[in-house]
Amino acid sequence: MKLEHVDVGPVTILRLEGDIDEEGVKILRLELLRCIKTHRCNLVVNLSGVRLVSWMGLGVLVERLRQCRACGGDLKLVGVNLSLDRMLRQAAVGSVFETYENESNAVHVYQEAA
């Protein structure tokens with residue numbers, strides 16, 4: 001999995017490409033933790049380039065969402081495909097995440113709240 005990290009003011013965008021499988025989970029877990037430890041807790045995770053998200057990958061997103069909120073931030077999802085949307089609903093966490101069609105809309109919500 002490829003990961004691109006872009007800071008837009010107080011918001012960090014993580015653009016993912018590939019599969020969030022066993023290897024992808026490790027990469028995502030570490031990058032999200034790095035963001036949180038450096039107080040970059042307003043996160044947008046762009047999943048437009050992701051084909052597959054494992055259940056472990058979903059677990060990482062839920063875990064890091066909780067940590068972001070604990071430090072006063074949030075984790076918003078962009079580009080959720082039908083498979084992941086179904087998985088979110090099956091795990092009963094679909095309403096926990098805010099999802100957006102594109103990065104600008106997600107970033108704009110953070111800017112409005114500031």
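Modeller: Happy to! Let's start with Cys-71, which is partly exposed, at a relative accessible area of 39%; that label covers the range between buried (under 20%) and exposed (over 50%), using a 1.4 Å probe and protein chains only. A word on the ground rules: this is a predicted model, so local features need pLDDT of at least 70 and side-chain atom pairs count only at pLDDT 80 or more, while totals for chains, interfaces and linings use all residues. Residues are numbered from 1 along each chain as its sequence is written, and side-chain values use heavy atoms, leaving out hydrogens and water.

The partner of Cys-71 is Cys-41, and the two form a disulfide with their sulfur atoms 2.0 Å apart; the criterion is a pair of cysteine sulfur atoms within 2.5 Å. This pair ties together distant parts of the chain, 30 residues apart: Cys-41 lies in the loop between α1 (22–37) and β3 (42–53), and Cys-71 in the loop between α2 (55–70) and β4 (74–78). Those elements are DSSP runs numbered from the N terminus, with helices being H or I of at least four residues and strands E of at least two. The link of Cys-41 and Cys-71 is left-handed, with -135° about the S-S bond.

By the distance rule, the count is 1 disulfide. What about Cys-35? Its closest cysteine sulfur, in Cys-68, is 7.9 Å away, too far for a bond, and Cys-35 is buried at 1%. Cys-68 is in no disulfide either, with the nearest cysteine sulfur, that of Cys-41, 5.3 Å away. Cys-68 is also buried, at 0% relative accessibility.
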